[in-house]
Amino acid sequence: MLSQSNEEVKLLEKIKRKEANIMILGLGQVGLPTAVALLECGYSVNGFDIDKSRVDQINSGVSPIPEKNFNKILAKYLNGKKFSATNNPDSLLEADVIIVCVATPLNLSRTNADLGMLGQAIMTVAYKLDRMKLIIIESTIPPGTMKNYVIPKVEATANKKNGEHFLISYCPERISPGNAIYEFLNNSRLIGAEDIISSTATLELLSRVTSGRVYQTDTATAELCKLAENSYRDVNIAFANELAMICENHKVDSAEVIKLANTHPRVNIHSPGPGVGGPCLPKDPYLLLVNFMTQNSLIRTARSINDKMPEHVVDLILSAVTGNDYPISKLNVLILGSSYKPNVNDTRNSPTELIIQKLMEAGFTDIKVHDPYTNDTFGAQSTSDLYGTLSRSGCVILATAHSDYLNLRPEMFRKEAIVLDTVRLLKRKEFDSTGLRYISIG
Ligand code: SAJ
């Protein structure tokens, strides 16, 4: 039997009956879909962000985040006066539950998280902690941050005690950019808390919004789980990338090796590619390593393997052009895909950026980029004429496995073009029997 104060009982009841007012703090790629998903579940939700221009943009119905069809869903709630964004901290006074979704980027030396935005957010919350509330932190943070930084900071600023005057938990976000609302409503979730009432209150909320399971643990375990998930993926991708380069050495098709090795019941090799992009995987392994001193870190080595893949892409192109009797500055290059992963318009940390930079450093001057989802070209020229440009390009680098490129056939390319398929989307056999020079990673 939990011993709960009247205030705690009231808060739990409000959450259970979906009468709790929820405020999302930080309206970015996690906060905004979280707000909309909670609205879809029937909660009263509003959003706070310190960035006035972002607030205005959201209130005018334009989503600042790259989620498909998001503007339409957002408009439904804005027009129905069910949701609005604000930069007024007093709006936090009305909230029963505050969900903090601010960014925690790497610091300049890439050795720790920059907790500046999180610190500012929790101070804002603490100043408005006028009664029993539930604070949920979703931002990705290094191990120990809740216990050693977040909870003491709220307690000291508000002069209140966790579990007595306010409730707080850590629930790492697990949503994949591009499919955020679906994943919020369906993924299993973790709750890390230092007291049973905070954990229970968070469970009452999350069990009403996700069809997945909700697991309860302590804060440090939940922090480590989040970092482990993304680091696991990064390390596995690095393994696939190294294996692909080993296969190149042996002139063996890595796609075939991976397909056949994966028929083993306990093997699941990931896909090699031009590098690892996005807002999370290139950063989170470093947060996992915070305060862990070792010379031989598998996780750090994996990071550097993945970071070097764009360079490998350019090396493959340079080897393919060696022996050509015209200068590389005359070779027109078309890069297919500038977003960091397939079928999204998100270009954060996209490998394409480094590929372009390295191509320019190597002397290539005519570089065009096509992407059906975004106009970002990282300083290269943009083209929307896929087939025309394809038929004229001497070198084509397929960098993002957008489904729009699935139907590319050899006859659409210029004769004798170099085709580098970094994501193994094209049908190699079709290309091998033509005059095209098909190469791949692995
Ligand atoms: N990639 C490969 N090979 C693969 C899989 C991915 O090269 O086999 C590349 C992608 O092309 C991309 C990068 O890795 O450049 C990252 O893509 P992703 O799909 O692995 O992940 P994100 O960054 O879009 O989202 C990840 C997800 N984490 C996991 O799958 C463990 C998501 O669930 C998290 O919520 C998200 O990070 C986050 O916000 O932390």
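Residues are numbered from 1 along each chain as its sequence is written, and side-chain values use heavy atoms, with hydrogens and water left out. Because the model is predicted, local features need pLDDT of at least 70 and side-chain atom pairs count only at pLDDT 80 or more, whereas totals for chains, interfaces and linings use all residues.

Lining residues have an atom within 4 Å of a point. Grid points are joined across faces, edges and corners, and a volume is the space filled by probe spheres set on the points. By this rule there are 2 cavities of 30 Å³ or more.

The largest cavity holds about 40 Å³. Its lining consists of E138, E173, R174, I175, E183, F184, N187 and R189, that is, 2 nonpolar, 1 polar and 5 charged residues (Ala, Val, Leu, Ile, Met, Phe, Trp, Tyr, Cys and Pro count as nonpolar, Asp, Glu, Lys and Arg as charged, and the others, Gly among them, as polar). The second largest cavity holds about 30 Å³ and is lined by L38, I99, I136, E138, C171, F184, R189, L205 and L206. By class, that lining has 7 nonpolar, no polar and 2 charged residues.

The volume of the largest pocket is about 1100 Å³. Its lining comprises 47 residues, and Q29, A103, P105, P279 and R348 lie nearest the centre. Two or more lining residues come from each of α5 (116–127), α12 (298–307) and α14; helices (H or I, at least four residues) are DSSP runs, numbered from the N terminus. The lining of the largest pocket divides into 22 nonpolar, 14 polar and 11 charged residues.

The second largest pocket has a volume of about 860 Å³. It is lined by 34 residues, of which R233, I237, L281, Y340 and K341 are the closest to its centre. At least two lining residues are supplied by each of α9 (219–250) and α14, and the largest share, 5 residues, comes from α9. By class, the lining of the second largest pocket has 15 nonpolar, 12 polar and 7 charged residues.

Helix α14 (residues 351–361) also packs against helix α13 (residues 309–321): their axes come within 8 Å and cross at roughly 45°. Axes are lines fitted to C-alpha atoms, for helices over the stretch in contact, and angles run from 0 to 180 degrees between N-to-C directions. The two helices are therefore oblique to each other (angles under 35 degrees count as roughly parallel, over 145 as roughly antiparallel, 65 to 115 as roughly perpendicular and the rest as oblique). The crossing of α13 with α14 is right-handed, meaning that the near helix is turned clockwise from the far one by less than a right angle. In this contact (heavy atoms within 4.5 Å), P310, E311, V313 and V314 of α13 meet P351, L354, I355, K358 and L359 of α14. The contact residues comprise 7 nonpolar, no polar and 2 charged.

For α9 and helix α10 (residues 254–261), the axes come within 9 Å and cross at roughly 125°, so α9 and α10 are oblique to each other. The crossing of α9 with α10 is right-handed. L243, A244 and C247 in α9 are in contact with S254, V257 and I258 in α10, a set of 5 nonpolar, 1 polar and no charged residues.

Definitions and conventions
On a 1 Å grid over the protein atoms alone, a cavity is a set of points where a 1.4 Å probe fits but cannot get out, and a pocket is an open set with protein on both sides within 12 Å along at least five of seven lines; lining residues have an atom within 4 Å of a point.
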